[in-house]
Amino acid sequence: MIESDRFAAWHNARARAAAATCPNSVVFVDPSCSTIPVPCDFWDLFGSAVVPLESCFGGPGGAGQRRKPPLSTSRVVCRRPCHGLLLLTSHYAKQHALLNPMTQDVSPFSLLDGDHYGCAGLGYDQSREEHVLVHLCYARRCFGTRRYAMECAVWRLRDLRPRKPASSPPPIPVAVDLPPVYVGGKMYWPGEPRRGNAAARAAILAFDIGTEAFEVVPEPPVLLNVYGGDRMILTELAGKLCAVHSPGNPARTMTIWGRNVGGWTRDHVIELEQWPEFWPVPTTEPVMPMAVDPVDGRILLDTGKAVGYYDTRNRTLETVYSLKSHIDELRKLGELWGNGGELRLAKEMFVIAAVCEDSLLRPYDRKHRIW
């Protein structure tokens, strides 16, 4: 009974309902779940696929011992869990991995052919009650001529392999340096401003999981600024598609737009100037709003080196984890060796933060079963 699909689905539905009134559960993901390069030092000896945030300070899961978060040599953005599962992916890697952070079950998927530059996202087909991987990549691209060719692959994870959808190719070029966002049965990618025409530079590409059809969605109104801070990042906050314009101006201001039935509204303006850890240099590294806390409404921000909650009411930011501060504390405790390795860690390494939800679903084994 416990290992049945029906029980797992029932448990996940109850867990998602309960999560609506509980604080976010934040974990750090081990990049070795996929083929993302990992450092050989500063390693968590527990060998877990995930390390809970509180265990880094000796809390639950650490049994009074301070655990070290797994590190990555590249920035990896981990989207919110999709019906209990996380997708660990990087556009530098040919491997992707599905992970249940609660059970720590992992299943790798090889989705890329050749060396095409692209990214994958995880969605869910409610009508068939199954997870779906959607991958977009550039088979050909030229910045000078703005000519490109994009390919799409869809992998319904009860199938044995991916396939190309019957619909037409993506109508506009999109940015594939970050995974797409899944909201309400659709995957979303921001338009790529360096390719295509003016329409592509002011649009969002959507892919319907059920119908496997593309559509183009207008992006929110925004005034470009001379500091180059007009890059748009997509995310999902409180069940709503949001567009974020990252801080590329001297005021270090982040604007978050939310998409409603009637169009876009400016939901939040976050001023990060007084928190230097949350406006990274270079500014090409995105500050990613990950989730809204269901209890107090604070917004969880992730830079790859620091994680914190921004309170939109009193405009304060609480840092809940900082790689630099963690290394400083370990140095004081004598837990770091004096060979300069900690300086390299602070400059070159990243943590992969993720929000997890209670789930019994195991990653698919590609045999038409999830158990």
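In the protein, where is confidence lowest and where is it highest?

Mentor: Happy to! This is a predicted model, in which local features need pLDDT of at least 70 and side-chain atom pairs count only at pLDDT 80 or more, while totals for chains, interfaces and linings use all residues. Residues are numbered from 1 along each chain as its sequence is written, and side-chain values use heavy atoms, without hydrogens or water.

Confidence, given as pLDDT (the predictor's score for each residue, from 0 to 100), is lowest in helix α3 (residues 341–348), with a mean of 60, and highest in strand β9 (residues 181–183), at 96. Here helices (H or I, at least four residues) and strands (E, at least two) are DSSP runs, numbered from the N terminus. The protein averages 77, and 67% of the residues score at least 70. Over residues 224–228 the pLDDT stays under 50, and the model has 7 contacts (heavy atoms within 4.5 Å) for them beyond four places in sequence. Where pLDDT is low, the predicted coordinates should not be read in detail.

Now the sheet: three strands form an open sheet in the order β2-β1-β21, with antiparallel pairing (at least two DSSP bridges between two strands). Its edge strands, β2 (50–52) and β21 (353–356), each pair on one side only. Strand β1 (residues 25–29) joins β21 over 4 bridges in the antiparallel sense, and S25 stands opposite C356 in β21.

Finally, I270 touches R252, T253, M254, I256, I299, L301 and Y310, leaving aside residues up to four places away in sequence.
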